[in-house]
Amino acid sequence: MAKELSLRRMPQQARGQRRIDKLLDAAEQVFSEKGYGDATTNLIAARAQTSIGSLYQFFPNKEAILRAIVARYVEELRAFFAQRLSVDADKLPLASFLDHLIQGLAKLREAHAGFRPLFFGSQSFSDVEQATQELRQEVIERIVALLAVRAPQLDEEQRLRCAHVCVAIFQALMALAMAVEGEERVRLLEELKAVLLAYLMPLVHA
């Protein structure tokens, strides 16, 4: 889902892009505090310290703003996984690789903690769901490529199965960890690392 599909007009200068980012940051805060149903474009404009007219220069309605926020978040995740799951990552010891991945994603999710319920909530749109499914498939393909390097004894079907299991473990335990705070989150992130290590160590070259 491209962000431009949500925009009434594309910014022509860096200043315009900064205005859009400011509006999206404000909208993310308002959505997380008020909920999507009770949020209004007036509240978003006020939080962004801009006029409602300025908001409508870029976004026709609240739905378009939500779509743009999700598109931005998906692109952040895509860039993150492209870096952390690159084939070059096989140079790291497995424990360090997992720690680098888990801690980095936890920080990214912390930055969007308030918006997370909306991301998979009742306001999800078909194109949002499609974008998240496409991202999940990209992650699985990257893991399969890494396994081809680190576990060459596995055939294609085994690598694909392993990738699906890793993603399922990661999603479930990361969600559990991000639902709490402080030391409990730290412990649960360590549990996630321990589970993945126990699963992967017999398969890959540590």
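This model has zero disulfides. It is a predicted model. Cysteine 162 is in no disulfide, and its nearest cysteine sulfur, that of cysteine 166, lies 4.2 Å away. The largest nonpolar core has 62 residues, and the count of aromatic pairs comes to two.

**Cysteines**

- The sulfur of cysteine 166 is 4.2 Å from the sulfur of cysteine 162, its closest cysteine sulfur, so the two are too far apart for a bond.
- A disulfide needs the sulfur atoms within 2.5 Å.
- Cysteine 162 counts as buried, at 2% relative accessibility.
- Cysteine 166 is buried too, with a relative accessible area of 9%.

**Helix H8**

- Helix H8 covers residues 156-178, which is 23 residues.
- At 1.5 Å a residue, H8 should span 33 Å.
- Aspartate 155 caps the N-terminal end of H8. One of its side-chain oxygens lies 3.2 Å from the backbone nitrogen of glutamate 157.
- Buried residues in H8 include Arg159, Cys162, Ala163, Cys166 and Val167. Ile169, Phe170, Met174, Ala177 and Met178 are also buried in H8.

**Nonpolar core**

- Which residues have the most contacts inside the largest nonpolar core? They are Phe31, Phe59, Ile65, Phe81 and Met174.
- Helices that each supply at least two residues of this core include H1 (14-34), H2 (41-47), H3 (52-58) and H4 (62-84). H5 (94-111), H7 (126-150), H8 and H9 (182-200) each supply at least two as well.
- H4 gives the largest share of this core, 11 residues.
- In soluble globular proteins, nonpolar side chains tend to be buried together.

**Aromatic pairs and a charge over a ring**

- By the pairing rule, the count is two aromatic pairs.
- Phenylalanine 31 and tyrosine 36 form a tilted pair. Their ring centres are 5.4 Å apart, with 50 degrees between the planes.
- Why is this pair called tilted? Planes under 30 degrees apart count as stacked and those over 60 as edge-to-face, so an angle of 50 degrees falls in the remaining class.
- Phenylalanine 31 is buried, with a relative accessible area of 1%.
- Tyrosine 36 is buried, with a relative accessible area of 13%.
- Phenylalanine 80 and phenylalanine 81 form an edge-to-face pair. Centre to centre they are 5.3 Å apart, with 80 degrees between the planes.
- Both phenylalanine 80 and phenylalanine 81 are buried.
- Tyrosine 36 also has a charge over its ring: the charged end of lysine 62 sits there, 4.4 Å from the ring centre.

- Leucine 43 is in helix H2.
- Is leucine 43 buried or partly exposed? At 36% relative accessibility, leucine 43 counts as partly exposed.
- Leucine 43 and valine 30 are 13 residues apart in sequence. In space they are 7.2 Å apart, C-alpha to C-alpha.
- Glutamine 49 is found in the loop between H2 and H3.
- Phi of glutamine 49 is near 55 degrees, a positive value in a residue other than glycine.
- Glutamine 49 counts as exposed, at 68% relative accessibility.

Key. Residues numbered from 1 in each chain as written. Predicted model: local features only at pLDDT ≥ 70, side-chain atom pairs only at ≥ 80, totals over all residues. Heavy atoms only, no water. Phe/Tyr/Trp six-rings, centres within 6.5 Å; stacked < 30°, edge-to-face > 60°. Buried < 20%, exposed > 50% of the residue type's maximum accessible area, 1.4 Å probe, protein only. Lys NZ or Arg CZ within 6 Å of the ring centre and 35° of its normal. Helix = DSSP H or I, 4+ residues; strand = E, 2+ residues; numbered from the N terminus. Expected span 1.5 Å × (residues − 1). Polar contact = N/O pair within 3.5 Å; in protein donor to acceptor, adjacent residues only side chain to side chain. Core = buried A, V, L, I, M, F, W, Y, C linked by side-chain atoms within 4.5 Å.
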